[in-house]
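Here are some notes to read with the structure open beside you. Take them one point at a time and find each residue as you go.

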Amino acid sequence: MALEAVEIGFGGAGRNVGLVNAGMWVMPREFPKALGADYGERALALLGGAPAVVWDTIEKHQIDCDPVHNGTLHCAVGAAGVAEIAERARQWGERGAPVRALSAEETAKRVGSNVFAGSLLDMRAGTIQPLAYARGLARAAIAAGAAIHTQAPVRAAKRTGAKWMLQAGEGSVVADWVVVATDAYDASPWPQGRREQILLPYFNFATPPLSADLQASILPAREGCWDTKAILSSFRFDRAGRMVFGSIGALRGTGLAVHRSWAKRALKKIFPRIGAITFESQWYGMIGMTNNALPRFHRLAENVIAVCGYNGRGIGPGTVCGRVVADHILGRIAEQDMPLPLTEPDTPALPAVREAYYEVGAQLAHAAGAWL
Ligand SMILES: Cc1cc2nc3c(=O)[nH]c(=O)nc-3n(C[C@H](O)[C@H](O)[C@H](O)COP(=O)(O)OP(=O)(O)OC[C@H]3O[C@@H](n4cnc5c(N)ncnc54)[C@H](O)[C@@H]3O)c2cc1C
């Protein structure tokens with residue numbers, strides 16, 4: 001049984017960019033350093049293979065979520081960006097991943113813009129419509145016999161004998177195991193996974209469908225893109241040919257006007273032929289970042305496991321980590337064989353201050369015209 005406080009996809013799952021990435025921000029060779037040799041290797045294999053599981057899941061359950069498995073382009077900005085993608089290409093190449101660094105010329109052809117100094121093409125990856133994916137997963141779970149209750153916030157939990165009694169919405173549920181999958185949007189009796197994360201706001205603006213001519217010259221192969229800057233931008237087309245363009249920041253207060261104005265100017269800079277830009281919709285959400293940029297499995301109490309901390313990479317990792325936790329509960333995978341250790345949550349220093357810093361910092365950078 002799943003209990004959801006609001007509705008399916010209310011959290012990051014329904015707000016994200018839709019980039020189905022392989023691996024994490026952490027370079028492949030850093031995994032064993034962060035997790036030890038065994039966990040490092042297993043986590044890297046699991047997360048590197050996560051997009052394949054997403055594509056298979058979509059196919060198996062016929063999820064109508066606009067899957068485009070044509071790769072992603074991690075676009076290099078300046079010499080530092082080129083060095084970063086070259087290193088990523090080298091490290092993934094050592095593992096035989098279908099990833100290669102593209103020259104500025106190849107990148108310009110694929111992106112339809114000459115502002116980038118190169119890019120990393122990852123053919124494991126691609127894009128989806130994320131809310132449709134979340135809803136499709138819920139539909140598949142219901143078809144397989146799961147009960148899903150929305151508008152059912154878990155407010156309290158009590159151990160009674162070998163069971164957990166959860167108070168949710170108007171009712172209560174008795175369970176052998178509890179999986180806390182509330183990530184950055186947690187409002188549950190187990191907030192530890194949320195509290196160890198720093199929340200980074202990220203917004204998206206979507207244009208109306210672009211003209212056929214523009215769609216033919218911009219991302220003709222429909223890769224999903226983001227860049228190597230610290231205050232990064234991302235862009236992709238949706239099925240109707242809308243350009244979905246995003247960056248760090250919250251669309252609230254003064255941020256709304258600052259980020260909208262910046263997004264228009266930045267799009268014009270990247271795609272000078274785009275013409276007058278309007279936005280047909282906009283949204284933002286909170287990305288939960290952990291201190292080593294890797295996801296977490298936590299044991300919060302007896303038979304209570306949290307899985308969280310996807311660092312803006314939740315589509316693939318969330319899909320595969322959910323399976324691992326289910327297999328563990330069903331006795332199919334022993335704790336020591338899991339791809340991530342079951343740990344205690346960390347206590348970060350002053351998260352509220354750092355979160356305000358990111359929100360204000362992104363506004364200042366965009367107001368000052370980063371990219372322009
Ligand atoms: C703007 C943005 C862009 C992103 N871009 C990408 C991207 O391109 N690619 C990618 O892979 N990842 C991306 N991410 C990250 C990704 O969306 C998240 O990692 C992922 O959604 C986490 O999934 P989840 O199911 O664990 O948590 P969520 O999707 O956040 O869901 C948590 C749910 O828990 C519910 N909840 C909270 N408290 C309770 C309670 N007490 N009782 C019951 N339910 C409760 C909430 O209502 C919420 O629906 C992005 C995130 C954001 C915000």
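1. First, a term: two rings of Phe, Tyr or Trp (for Trp, its six-membered ring) make an aromatic pair if their centres lie within 6.5 Å. Keep in mind that what you're looking at is a predicted model. Searching the whole structure for such pairs turns up 11 of them.

2. Let's zoom in on one pair, Phe245 and Trp262. Their ring centres are 5.7 Å apart, with 25° between the planes. The pair counts as stacked, because planes under 30 degrees apart get that label. Phe245 sits in strand β15 (residues 243-248), while Trp262 belongs to helix α10 (residues 254-270).

3. Now widen the view a bit. Phe245 and Trp262 are also part of one aromatic cluster, together with Phe116, Phe203, Phe205, Phe235, Phe271 and Phe279.

4. On to Ser119, which you'll find in strand β5 (residues 118-122). Why do we call Ser119 buried? Its relative accessible area is 0%, and buried means under 20%, so Ser119 qualifies. The Ser119 side chain has a polar contact, at 2.8 Å, with the side chain of Thr107. Leaving aside residues up to four places away in sequence, Ser119 touches Thr107 and several others, including Leu73, His74, Ile85 and Arg100.

5. The largest cavity holds about 130 Å³ of space. It has 13 lining residues, and Ala22, Leu120, Asp122, Trp226 and Arg313 are the closest to its centre. Strands β3 (72-76) and β5 and helix α5 (78-94) each bring at least two residues to this lining, and β3 gives the most, with 3. Sorted by class, the lining of the largest cavity has 7 nonpolar, 3 polar and 3 charged residues.

6. The second largest cavity has about 50 Å³ of space. Among the residues lining it are Val180, Asp183, Trp190, Arg194 and Cys308. Which element gives the most to this lining? That would be β18, with 3 residues; α8 (192-195) supplies at least two. By class, the lining of the second largest cavity splits into 5 nonpolar, 2 polar and 3 charged residues.

Definitions and conventions:
Residues numbered from 1 in each chain as written. Predicted model: local features only at pLDDT ≥ 70, side-chain atom pairs only at ≥ 80, totals over all residues. Heavy atoms only, no water. Helix = DSSP H or I, 4+ residues; strand = E, 2+ residues; numbered from the N terminus. Buried < 20%, exposed > 50% of the residue type's maximum accessible area, 1.4 Å probe, protein only. Polar contact = N/O pair within 3.5 Å; in protein donor to acceptor, adjacent residues only side chain to side chain. Contact = heavy atoms within 4.5 Å. 1 Å grid on protein atoms, 1.4 Å probe; cavity = no way out; pocket = protein on both sides within 12 Å on 5 of 7 lines; lining within 4 Å. Points joined across faces, edges and corners; volume = space filled by probe spheres on them. Nonpolar A, V, L, I, M, F, W, Y, C, P; charged D, E, K, R; others polar. Phe/Tyr/Trp six-rings, centres within 6.5 Å; stacked < 30°, edge-to-face > 60°.
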